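Subject: A structure for you to look at

Hello,

I am passing on a structure that is new to you, with some notes to read beside it. Please open it first, then carry on below.

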Amino acid sequence: MTDAPTPAPRRRWSIIGPGLVVAATGVGAGDLVATLVAGSKYGYALLWAAVVGAVVKLALAEGVGRWTLASGRTMFDGWSSLPGGGARVNWATLYFAVYVGVWGFVYGATAMTAAALPLAALWPALGLKGWGVVSGLLGLGLVWFGGYGVFEKVMAALVGVMFVTVVGLAVIVAPDVPRLLTGLWPTLPDGSVFYTLGLIGGVGGTITMAAYGYWLNAKGWKGAEWMGTMRLDNRVAYGVTGLFVVAMLVVGAELLHAGGVALQGGDRGLLDLGKVLSARFGPVVSVMFLIGFWATSFSSLIGVWQGVSLMFADFWAHMAGRGTDETARGPRSPAARAYMLWLTFPPIALLFLDRPFGLIVAYGVLGSLFMPFLAGTLIWLLNSGRVPAEWRNGWVSNGLLAAAALMFAVLAGKEIAGIF
């Protein structure tokens, strides 16, 4: 990480980066499937929900960035300052400690499997589990030996591949533009309420939204003078996210809804789409889509390996009473590297074993609660004296964050009820 703040640039467009990293990490293969299914079931009717979802994520990431730049403190530092416990442990830090342990263990296997699916489809000789191990080790090596600059360049390249394949696919299927525009008017088809909330809340929303502040620090953006740059970075990033979502909705509406094609649930639904594309447009288009599928999955994998490891290093430094000494070393700190190993090697065992039911339940509960936790704590922190008055929440920020907290709480309740 950079010790001294980097001067804010005059040409801000030239340094867009951390926002694109957090947005690309948040959009995984499962999000693309959810958007495809929305298009296949309801056509363009839920386009407005995809747009609202991008705005909600933009507000959350802007809140994280504003907290980091205005307060000069990390997200975990903010959580540890909340009341309800002792000097080092409170309800927020306790939740985070349990979360990063259980969630990281199961997510590691999930991310490796998602990255392996398109590779196994392209080169089946190694098999799904073999490609899963390769993906995990490749991600580990990248974040272990590469600094933030290398990581950001790799993420930018993966986003470029995603853009060409996902947006290119939407162009190939030839959207009905007048009908597409009608989807911007909010409507709720029968039986679509929770599905709509899931589309708004699910695409691009993960723990790595809280890692945005750590990536700002790694980039050298420190202090309120970077606020304008951060906001531009954030808007560009979630504009690209919104474009991905709209493109996949177009594919679902034109290719699947019109043809009455149903997909499997989960990431495997993208393999079904690859078969549909091969039958309609030929194998070249199918192969290009699978490459885009891999880029989407692998960007999420390395984003978590890098970003959440930085957050864990911050947690460990606070628990050990070392302040920022550990986080200043970035991904090379012993604590960050220990978490990278936790994300890689124990989950490899899950690739070869049936996942324990109790662990999956805990993963589902903790995962569903993180986004309302993030939105709620941002409201608390950004309306407090921890932030200079000029950078505290206004009514727009409070409204968007409150709406996000309520929506994510409803989704969490539905998710937990479904688990049990």
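This is a predicted model, and the protein chain has an average pLDDT of 85, with 87% of the residues scoring at least 70.

Next, the charged pairs. Side chains of opposite charge can pair when their charged atoms come close. The count here is six salt bridges, and three of them are described below.

Let me begin with Glu-62 and Arg-231, which form a salt bridge whose closest N and O atoms are 3.0 Å apart. Because Glu-62 belongs to helix α3 (residues 47–71) and Arg-231 to helix α11 (residues 227–257), the pair ties together parts that are 169 residues apart in sequence. Glu-62 is buried, at a relative accessible area of 10%, whereas Arg-231 is partly exposed, at 26%.

Another salt bridge joins Lys-219 to Glu-152, with 2.9 Å between the closest N and O atoms. This pair also links distant parts of the chain: Lys-219 sits in helix α10 (residues 212–219) and Glu-152 in helix α7 (residues 148–172), 67 residues apart. Lys-219 is partly exposed, with a relative accessible area of 23%, while Glu-152 is buried, with 13%.

Arg-73 is partly exposed, at 23% relative accessibility.

Finally, please take a look at Ser-300, in helix α13 (residues 283–320). Is Ser-300 buried or exposed? Its relative accessibility is 5%, so Ser-300 counts as buried. Leaving aside residues up to four places away in sequence, Ser-300 touches Ala-24, Thr-25, Val-27, Gly-28 and Tyr-107. With Val-27 there is also a polar approach: a polar atom of the Ser-300 side chain lies 3.3 Å from the backbone oxygen of Val-27. Ala-115 is 185 residues away from Ser-300 in sequence, yet their C-alpha atoms are 9.0 Å apart in space.

Enjoy exploring it!

Best wishes

Methods:
Residues are numbered from 1 along each chain as its sequence is written. This is a predicted model: local features need pLDDT of at least 70, side-chain atom pairs count only at pLDDT 80 or more; totals for chains, interfaces and linings use all residues. Side-chain values use heavy atoms; hydrogens and water are left out. Helices (H or I, at least four residues) and strands (E, at least two) are DSSP runs, numbered from the N terminus. Buried means under 20% relative accessible area, exposed over 50%, partly exposed in between (1.4 Å probe, protein chains only). Contact means heavy atoms within 4.5 Å. A polar contact is a pair of N or O atoms within 3.5 Å; within protein, one must be able to donate a hydrogen and the other to accept it, and residues adjacent in sequence count only if both atoms are side-chain atoms. pLDDT is the predictor's confidence in each residue, from 0 to 100. A salt bridge is a side-chain nitrogen of Lys or Arg within 4 Å of a carboxyl oxygen of Asp or Glu.
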